[in-house]
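The exercises below are meant to be worked with the sequence and the model side by side. Try each task before reading its solution.

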Amino acid sequence: MHWLSRVVVVPGMCRVHLIPKVASAGIYKAFHTEKRAHLETPEESGDEFRLVVVRHPLDRLVSNWTYFCQGSPTELNGQPQIRKLGYTDDMAFNDFLEVVFVQHEQNVHTRMQVEFLGPNKASRIIPI
């Protein structure tokens, strides 16, 4: 099971999708002590309450642009996969948007977080 495709399941209670870049490691650790909890893929169905927490999309865009394109040059240089997608140091926000809208699915940092939900409908999607 790929770490980006995990759902913590507490049978009869809830399914919490672990979305990258939204405290997924902390959420997993919190549920780790629940003896009944186990991991499944987003494709698994179940009657439990299905919860997904995502960052606000505009928040993510501005955060990614600031981190990758407006920080020190070592920020982008430390992420060679980002440079390969067409992002550059000191990139203007409009230029960043042109790349991200075409390439967003190519990197976990820019991929739309609701894509990690899988085929099942969420009971609640909470943007933070």
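**Exercise 1.** Is H104 buried or exposed?

*Solution.* The model is a predicted one, in which local features need pLDDT of at least 70 and side-chain atom pairs count only at pLDDT 80 or more, while totals for chains, interfaces and linings use all residues. Residues are numbered from 1 along each chain as its sequence is written, and side-chain values use heavy atoms, with hydrogens and water left out.

Begin with the class limits: buried means under 20% relative accessible area, exposed over 50%, and partly exposed in between, with a 1.4 Å probe and protein chains only. H104 has a relative accessible area of 16% and is therefore buried. Finally, list what surrounds it: once neighbours within four places in sequence are set aside, H104 is in contact (heavy atoms within 4.5 Å) with V99, T110, R111, M112 and E115.

**Exercise 2.** Work out the strand order of the sheet and the sense of its pairings.

*Solution.* Two strands pair if DSSP finds at least two bridges between them.

1. Strand 1 (residues 6–10) is joined to strand 2 by 5 bridges, and these two strands run antiparallel; V8, for instance, has V16 of strand 2 as its bridge partner.
2. Strand 2 is in turn joined to strand 4 (residues 49–54) by 4 bridges, in the parallel sense, with C14 opposite F49 of strand 4.
3. Strand 4 pairs with strand 5 (residues 124–127), again parallel and over 4 bridges, and V52 stands opposite I125 of strand 5.
4. Taken together, 5 strands make an open sheet of mixed pairing in the order 3-1-2-4-5. Strand 3 (38–40) and strand 5 are the edges, each with a single partner strand, so one side of each has no neighbour in the sheet. From one strand to the next the twist averages 25°.

**Exercise 3.** Describe how helix 2 and helix 5 pack against each other.

*Solution.* Two packed helices are described by the angle between their axes and the distance between the axes. Here the axes are lines fitted to C-alpha atoms, for helices over the stretch in contact, and angles run from 0 to 180 degrees between N-to-C directions. Helix 2 and helix 5 pack at an angle of about 110°, with their axes 11 Å apart. Angles under 35 degrees count as roughly parallel, over 145 as roughly antiparallel, 65 to 115 as roughly perpendicular and the rest as oblique, and helix 2 and helix 5 are therefore roughly perpendicular to each other.

The contact is made by L61, V62, N64, W65 and C69 on the side of helix 2, and by F93, F96, L97, V100 and F101 on the side of helix 5. These residues divide into 9 nonpolar, 1 polar and no charged, where Ala, Val, Leu, Ile, Met, Phe, Trp, Tyr, Cys and Pro count as nonpolar, Asp, Glu, Lys and Arg as charged, and the others, Gly among them, as polar.

**Exercise 4.** Which residues make up the largest nonpolar core?

*Solution.* A nonpolar core is a set of buried Ala, Val, Leu, Ile, Met, Phe, Trp, Tyr and Cys residues joined through side-chain atoms within 4.5 Å. The largest has 12 residues: L61, W65, F68, C69, I82, L85, Y87, M91, F96, L97, V99 and V100. Helix 2 (57–69) and helix 5 are the elements that give two or more residues to this core. A second, separate core of 8 residues includes I19, V53, V54 and F116.

**Exercise 5.** Where do A23 and D90 lie, and what are their phi values?

*Solution.* A23 is in the loop between strand 2 (14–18) and helix 1 (24–32); its phi is near 55°, a positive value in a residue other than glycine, and at 54% relative accessibility A23 counts as exposed. D90 is in the loop between helix 4 (80–84) and helix 5 (93–103), has a phi near 60°, also positive in a residue other than glycine, and is exposed, with a relative accessible area of 63%.
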